[in-house]
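Open the structure in your viewer and keep the selection tool at hand. Each stop below gives a selection and then what is there.

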Amino acid sequence: MIETDIIIIGAGPCGLFTVFEAGLLKLRCHLIDALPQVGGQLTEIYPKKPIYDIPGFPEVLAGDLIHNLMEQAAPFKPGFTLGERCESFQVDEDGKFIVTTNKGTLHKAPVIAIAGGLGCFEPRKPPIANIADFEDKGIEYIVRDPNIYKDKRVVISGGGDSALDWAHYLANGVAKEVTLIHRSKSFRGHPDSVQKAMDMATAGKIKLFTDAEVVGVNGTDRLSTLTIKHLTEGESTMETDHWLPLFGLSPKLGPLANWGLNIDKNSIEVNTFDYSTNIPGIYAIGDINTYPGKLKLILCGFHEATLMVQSAFKRIYPDKNYVLKYTTVNGVTGF
Amino acid sequence: MENTIHITLIDREGKEHILEAPTDMNMNVMELCKSYELPVEGTCGGMAMCATCQVYVLSDHQLPEKTEDEEAMLDQAFFVQPNSRLGCQIKLTNDLDGLKLQLANSVD
């Protein structure tokens, strides 16, 4: 069990700055993030894009901002649980929260700060009505264990790197038969990935359907056939053991949606006095929260984090008085 | 009014909206829809990375060419038609007066 003062869900800019502001109040933090690295969207989606509205930085690359925030937080020695998604929480007998991740890691603290940004990145699922009936029964959105495709017929959809790379990998002596279906004629993966997959298609090791799309999934207990719509030749049916729709990731609120928090349009409602949610002790800051006048800006998230830790301090130490101190006067004393 | 155009937008229920759009505010179609509180998420904030602002272009206006990023996103999105565009990549300019768009379905 990991114990700390504040469990921060989400290691993006807002979560990282919380470590610094909490540290000034002598509160320790532990960050949990579903992604394998810190930085959230900034490192996952746009590390090389410049940001122009961070006060004091006329221009800063998203990746550099995260690097700087890590350096700023470093004196306060934050803990990290990366690559794990927060699933649920419970309250123990002394009123502290216990947060469990999808890998079973337990974290305990009197305060939770949700700084989850857009949420967790989950596979984009094709809009086919009965698709859920076959999830993990022949339809997988992520390849977890390539061995399950040994000697099976596999259909892969998508035109990006993951579709191309898995088609190439599975066609190389793993699957019995690999079919790659893509909606257009051109593939947008890395040129090297495209070339490899195309070479195998030419060699007859990958069956390739372009200008085509899977529009129906059928079977009894498991997936057995796919309905494929071709741009010009109408529909056809194909027998298969597996279908891998690999259409990239999109952000979803995920398990947090079931925590009993007040939610409005995928965002968590907070009180702007201290960014507290409807559950005492749980706060929400940054892009994931909403309130009248909300702006989804990093600089606003920094402000929210700063006010939030003041309230967290009073919750953890109800009898202690705290006076705001300036870093210019006192410097920064780490742990 | 100078630097104001009108865009017709058909929502997912088939209802037509006439949107008054300023062309001197550096705005795009996704932001315009959001300012009218139409059901456009714009999750990624306009970086051509989520397709929640996908629209079908119904009029024959000459739109700027798709960037590589937009092409790549439309490649991964659903409900894509030959006339699909990402609203966030259509900048509001004076020559788009009378543009007619329809909101695409969204799974996100």
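**Chain A, whole**

This is a predicted model. Seven helices and 23 strands make up its secondary structure. Along the principal axes, the C-alpha atoms of chain A fill a box of roughly 75 × 45 × 35 Å. Colour by burial next. Of the 335 residues in chain A, 38% are buried. Take the contacts in chain A between residues at least 6 apart in sequence: 63% of them join residues at least 24 apart.

**Helices α1 and α3**

Select residues 13-24 of chain A for α1, and residues 62-73 of chain A for α3. At what angle do these two helices pack? The angle is about 20 degrees, and the axes are 8 Å apart. Angles under 35 degrees count as roughly parallel, so α1(A) and α3(A) are roughly parallel to each other. The crossing of α1(A) past α3(A) is left-handed. Show side chains at the contact. From α1(A), pick P13(A), L16(A), F17(A), V19(A) and F20(A). From α3(A), pick L65(A), I66(A), L69(A), M70(A), Q72(A) and A73(A). By class, this contact of α1(A) with α3(A) has ten nonpolar residues, one polar and no charged ones.

Step on to K26(A), in the loop between α1 and β3 (29-33) of chain A. Buried, exposed or partly exposed: which is K26(A)? Count the other C-beta atoms within 10 Å: there are 15, so K26(A) is partly exposed. K26(A) and F76(A) are 50 residues apart along the chain, yet their C-alpha atoms are separated by 8.4 Å.

**Helix α4 and its cover**

Select residues 161-171 of chain A, which form α4. The buried residues of this helix are A163(A), L164(A), W166(A), A167(A), H168(A), L170(A) and A171(A). Keep the helical repeat in mind while you look at that list. An α-helix has 3.6 residues a turn, so residues three or four places apart point the same way.

What covers the buried residues of α4(A)? The cover includes the strands β12 (153-157), β13 (177-182), β14 (206-210) and β18 (242-245) of chain A. Helix α5 (191-202) of chain A is also part of it. Before leaving, check G173(A), which follows α4(A) and has a positive phi, near 85 degrees.

**α4 against α5**

α4(A) passes α5(A) in a left-handed crossing. On the α4(A) side, the contact is made by D161(A), L164(A), D165(A), A167(A), H168(A) and A171(A). On the α5(A) side, select S193(A), V194(A), K196(A), A197(A) and M200(A). The residues of this contact divide into six nonpolar, two polar and three charged.

Most residues other than glycine have a negative phi. Two stops in chain A have a positive one.

Go to D136(A), in the loop between β11 (120-123) and β12 of chain A. Its phi is near 65 degrees. D136(A) has 9 other C-beta atoms within 10 Å, so it is exposed.

Then select Y275(A), in the loop between β21 (267-269) and β22 (282-284) of chain A. Phi of Y275(A) is near 60 degrees. Y275(A) is buried, because 26 other C-beta atoms lie within 10 Å.

**Across to chain B**

Show both chains. How many residues of chain A are in contact with chain B? The count is 16 residues of chain A, against 13 residues of chain B. The chain A side of this contact has seven nonpolar, five polar and four charged residues.

**The sheet in chain B**

Five strands of chain B form an open sheet in the order β2-β1-β5-β3-β4, with mixed pairing. Which strands sit at the edges? They are β2 (16-22) and β4 (84-86) of chain B, and each pairs on one side only. On average, neighbouring strands of this sheet are turned by 40 degrees against each other, direction ignored.

Finish by zooming in on one pair. Strand β3 (residues 54-57) and strand β5 (residues 100-103) of chain B pair in the antiparallel sense over three bridges. Select Y56(B): opposite stands Q102(B) in β5(B).

Terms used: Residues numbered from 1 in each chain as written. Chains lettered and ligands numbered in written order. Predicted model: local features only at pLDDT ≥ 70, side-chain atom pairs only at ≥ 80, totals over all residues. Contact = placed C-beta atoms within 7 Å. Nonpolar A, V, L, I, M, F, W, Y, C, P; charged D, E, K, R; others polar. Pairing = 2+ DSSP bridges. Helix = DSSP H or I, 4+ residues; strand = E, 2+ residues; numbered from the N terminus. Axes fitted to C-alpha atoms, helices over the stretch in contact; angles between N-to-C directions. Buried ≥ 20, exposed ≤ 12 C-beta atoms within 10 Å, placed from the backbone. Parallel < 35°, antiparallel > 145°, perpendicular 65-115°, else oblique. Left-handed = near helix turned anticlockwise from the far one by under 90°.
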